[in-house]
Amino acid sequence: MPGASTPGHAASNALGASPMAHAPMPMSSPKAGAADAPVAGDAVAIKNFTFSPNTLKVKVGMTVTWTNQDTDAHTVTSAAPGGPLHSPALAPHATYSYRFTEPGTYAYLCTIHPFMTATVEVTR
């Protein structure tokens with residue numbers, strides 16, 4: 001029927017092209033494969049509503065800096081009560097740094113978007 005749309009699909013675009021005219025988006029998870037492997041370094045990017053890398057490996061005494069590369073505010077907050085990570089809401093392009101002085105695994109999240117989680121692994 002002209003002008004009708006099927007359930008779950010928007011009507012055709014302004015140029016009259018079918019919504020299926022574009023290649024489908026891949027359905028794989030952004031956290032699949034090598035992306036899960038721990039990465040050594042001292043920086044975490046906050047972009048596309050994820051912490052990248054998802055697992056960062058550092059040595060005791062290193063300072064890690066998170067940089068918000070999204071257009072929304074995010075936090076870096078320890079997942080466990082009493083944990084050391086407590087950033088304010090980071091505006092776009094803002095940074096937060098923390099120096100890890102004890103070995104351990106530090107799970108953290110964004111309190112604004114709790115589905116955003118990651119880990120810092122600190123070793124001697």
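Predicted model: local features only at pLDDT ≥ 70, side-chain atom pairs only at ≥ 80, totals over all residues.
1. Four strands make up an open sheet in the order 3-2-5-7, and their pairing is mixed. The edges are taken by strand 3 (50-52) and strand 7 (95-99), each of which has a single partner strand, so one side of each is left without a neighbour in the sheet. On average, and with direction ignored, neighbouring strands of this sheet are turned by 20° against each other.

2. Pairings of strand 2. Within this sheet, strand 2 (residues 43-47) pairs with strand 3 in the antiparallel sense over three bridges, and Ile46 stands opposite Phe51 of strand 3. Towards strand 5 the sense is parallel, with four bridges joining strand 2 to that strand, and here Ala45 stands opposite Thr67.

3. Pairings of strand 9. Strand 4 and strand 9 run parallel and are joined by five bridges, with Thr55 placed opposite Thr119 of strand 9. Strand 8 (residues 104-109) also pairs with strand 9, in this case in the antiparallel sense and over six bridges, and Tyr108 stands opposite Ala118 in that pairing.

4. The salt bridge. A search of the whole structure finds one salt bridge, in which the side chains of Lys57 and Glu121 meet at 3.8 Å, N to O. Because Lys57 lies in strand 4 (residues 55-59) and Glu121 in strand 9 (residues 117-123), the pair ties together parts that are 64 residues apart in sequence. The distance should be read against the cut-off, which is 4 Å between the side-chain nitrogen and the carboxyl oxygen.

5. A buried asparagine. Asn68 has its place in strand 5 (residues 63-68) and, at 0% relative accessibility, counts as buried. Its side chain reaches the backbone oxygen of Asp72 at 2.9 Å. When residues up to four places away in sequence are not counted, Asn68 touches Ile46, Ala73, His74, Leu90, Ala91, Pro92, His93 and Ala94; of these, Ile46 is the residue that stands opposite Phe51 in strand 3.

6. The nonpolar core. The largest nonpolar core holds 19 residues, of which Phe51, Trp66, Val76, Phe100, Tyr108 and Val120 touch the most other members. Strand 2, strand 4, strand 5, strand 8 and strand 9 are the elements that give two or more residues to this core, and strand 9 gives the most, with three residues.

7. Surroundings of Val76. Which residues does Val76 touch, not counting those up to four places away in sequence? They are Ile46, Phe51, Trp66, Leu85, His86, Ser87, Leu90, Tyr96, Tyr108 and Leu109. Among them, Phe51, Trp66 and Tyr108 are named with Val76 as core residues that touch the most other members, while Ile46 and Leu90 are also contacts of Asn68.

How values were computed. Residues numbered from 1 in each chain as written. Heavy atoms only, no water. Pairing = 2+ DSSP bridges. Axes fitted to C-alpha atoms, helices over the stretch in contact; angles between N-to-C directions. Buried < 20%, exposed > 50% of the residue type's maximum accessible area, 1.4 Å probe, protein only. Polar contact = N/O pair within 3.5 Å; in protein donor to acceptor, adjacent residues only side chain to side chain. Contact = heavy atoms within 4.5 Å. Core = buried A, V, L, I, M, F, W, Y, C linked by side-chain atoms within 4.5 Å.
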